[in-house]
Amino acid sequence: MGSFDKKKVHLNLFETACRGNHESPGQWSRPGDNSHSKDSLDYYINIAKLAERAKITGIFFADTYAGHDVYGGSMDAILRAGTQVAQLDPLVIISAMAAVTESVSFGVTGSTSYIPPFPLARTFSTLDHLTKGRIAWNVVTSWSQAAADAFGKDLVPHDERYEIADEYMDVIYRLWNGSWADDSVKWDKKTHVAYEPSRIAKIEHSGKHIKMSARHQMHPSPQRTPVIFQAGTSKVGQAFAAKHAEAVYIGGLVPSQAAYQIKAARDLCRAAGRDPYTIKFFAAINPILGRTPEEAQAKYAEAMEHADVIGALAQFSGYTGIDMSKYPLDEELKLDTSNPKESAVQGFLGNFGDSQKEGDVWTPRKLGEKIAVGGFHPTPVGTPEMWIEEADVDGFNMAYISNPGSFEDIVELLVPELRKRGLMFDDYAVPGGTFRENLLRQPGQKTLRSDHYGSSFKFEGDHPYVPKAKTNGST
């Protein structure tokens, strides 16, 4: 099953806060599935306790804004499937999960396209305080028209979104790292000074895309900057990751492609002056596990029985902007490769060529079945003993088919096998420590490493320091 170089790896649980199943449409109808209960705290508290018991590194919350309305020109198929709708705000849930755990960490998506940097900085600083430094930010630039419409914004071109994100990062580093000096917090009863005003600076920024004049609303949190996750695979996305990311999420790739992408990204990281092995790569995988091959195959067969093909195609339509309802379900999927969107889909299908038998062709139904059982991730079926080692990943984002069964199988079947073979860490590097300490396995490394771009935004004297390599009007 899975694949990685022979080294110990991190495991994250890949979650969402939407009722139903975010990644495998239709699986909520399986007997015993509890994903419809995601509007209750009990669901998230149980997941957090399960993860900590297994020494899972973190719980990674994906999030999206608005619903997909591309398939058939409406959201009907998405609503019937219960996929990526009725989504709670995961940021609200984290503090409750942190309250029942000590070491497991939490990563949450936040968009640089629609959330102004000032409130995002406050929210993540708040969570960093409340979790004692166990928080990460998954930086996204938001690609869907539905999300743009929901926020009353224009959907800007891909590369421009990254240009905005780069300026956004400068602003937010200044808030987190440059507004309050390390010694600004006093609580001195003799002098009656809680916070020393001369050690707190107002950030003035007037750039091409962002304007702000404010002091950061929070005093320094344990990590100051949360661990930075990112998932861009384009050239500009990879350059952004080399500059900013501390962990990179890789989705929808077979092992050989993952190894190639990781090597290229490490080379970019090295060229940016960073230690390339301090940026951690997490491959997405959605295993179907059994104690025997027959048990695993039976679970796969059950998943196929509950697969919502139309819901999966509607989800795919939302991701690609292509209305898949126009293609007959059981005819060969012949895409117009002169259309950039459809050409990209053709490349996507090639990523899953290993799931096709020789001579087979893709039909919309087969594509829908693939998505409905495993989402856009590799979905190996078998026993934990079948796990192999191949690509240079640092960890896995473990998605699920049906809960609680999928995560319980990961904890009860896979984790013990990986530990027995010396392929997974036995414990947190710093029990009760920060996400960054446990991700890097470097006790004491709570804040950004000195070779990270964001570490140069420090309070100096009466004003925050701004690097010479500033972007788009930083002052």
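The following legends accompany close-up views of a predicted model.

Residues are numbered from 1 along each chain as its sequence is written. Local features need pLDDT of at least 70 and side-chain atom pairs count only at pLDDT 80 or more, while totals for chains, interfaces and linings use all residues; side-chain values use heavy atoms, with hydrogens and water left out.

**Figure 1. Overview of the protein.** The protein has 14 helices and 16 strands. Helices (H or I, at least four residues) and strands (E, at least two) are DSSP runs, numbered from the N terminus. Of the 475 residues, 55% are buried, where buried means under 20% relative accessible area, exposed means over 50%, and partly exposed lies in between (1.4 Å probe, protein chains only). Among contacts (heavy atoms within 4.5 Å) between residues at least 6 apart in sequence, 77% join residues at least 24 apart.

**Figure 2. Packing of helix H1 with helix H3.** Helix H1 (residues 41–53) and helix H3 (residues 90–99) pack at an angle of about 50°, and their axes are 9 Å apart. This angle makes H1 oblique to H3. Axes are lines fitted to C-alpha atoms, for helices over the stretch in contact, and angles run from 0 to 180 degrees between N-to-C directions. Angles under 35 degrees count as roughly parallel, over 145 as roughly antiparallel, 65 to 115 as roughly perpendicular, and the rest as oblique. H1 contributes Leu41, Tyr44, Ile45 and Ala48 to the contact, and H3 contributes Ile93, Ala96 and Met97. These residues divide into 7 nonpolar, no polar and no charged. Here Ala, Val, Leu, Ile, Met, Phe, Trp, Tyr, Cys and Pro count as nonpolar, Asp, Glu, Lys and Arg as charged, and the others, Gly among them, as polar.

**Figure 3. Surroundings of Val104.** Val104 is found in the loop between H3 and strand S3 (105–111). With a relative accessible area of 0%, Val104 is buried. Residues up to four places away in sequence aside, Val104 touches Ala48, Ala51, Glu52, Ile56, Thr57, Gly58, Ile59, Arg134 and Tyr428. Thr57 lies 47 residues from Val104 along the chain, yet their C-alpha atoms are separated by 5.6 Å.

Figure 4. Side chains of opposite charge can pair when their charged atoms come close. The structure holds 22 salt bridges, each a side-chain nitrogen of Lys or Arg within 4 Å of a carboxyl oxygen of Asp or Glu. In one of them, the side chains of Glu302 and Arg30 meet at 3.0 Å, N to O. The pair links distant parts of the chain, 272 residues apart: Glu302 belongs to helix H9 (residues 293–305), and Arg30 to the loop between strand S1 (10–15) and H1. Glu302 is partly exposed because its relative accessibility is 26%, whereas Arg30, at 11%, counts as buried.

**Figure 5. Salt bridge between Arg365 and Asp330.** The side chains of Arg365 and Asp330 meet in a salt bridge of 2.5 Å, N to O. Arg365 is in helix H12 (residues 364–372), and Asp330, 35 residues apart from it, is in the loop between helix H10 (309–320) and helix H11 (340–351). Arg365 counts as partly exposed at 31% relative accessibility, and Asp330 as exposed at 52%.

**Figure 6. Further salt bridges.** Arg419 and Asp426 form a salt bridge through their side chains (4.0 Å, N to O). Arg419 has 23% relative accessibility and so counts as partly exposed. Elsewhere, a network of salt bridges links Lys7, Arg266, Asp392 and Asp394.
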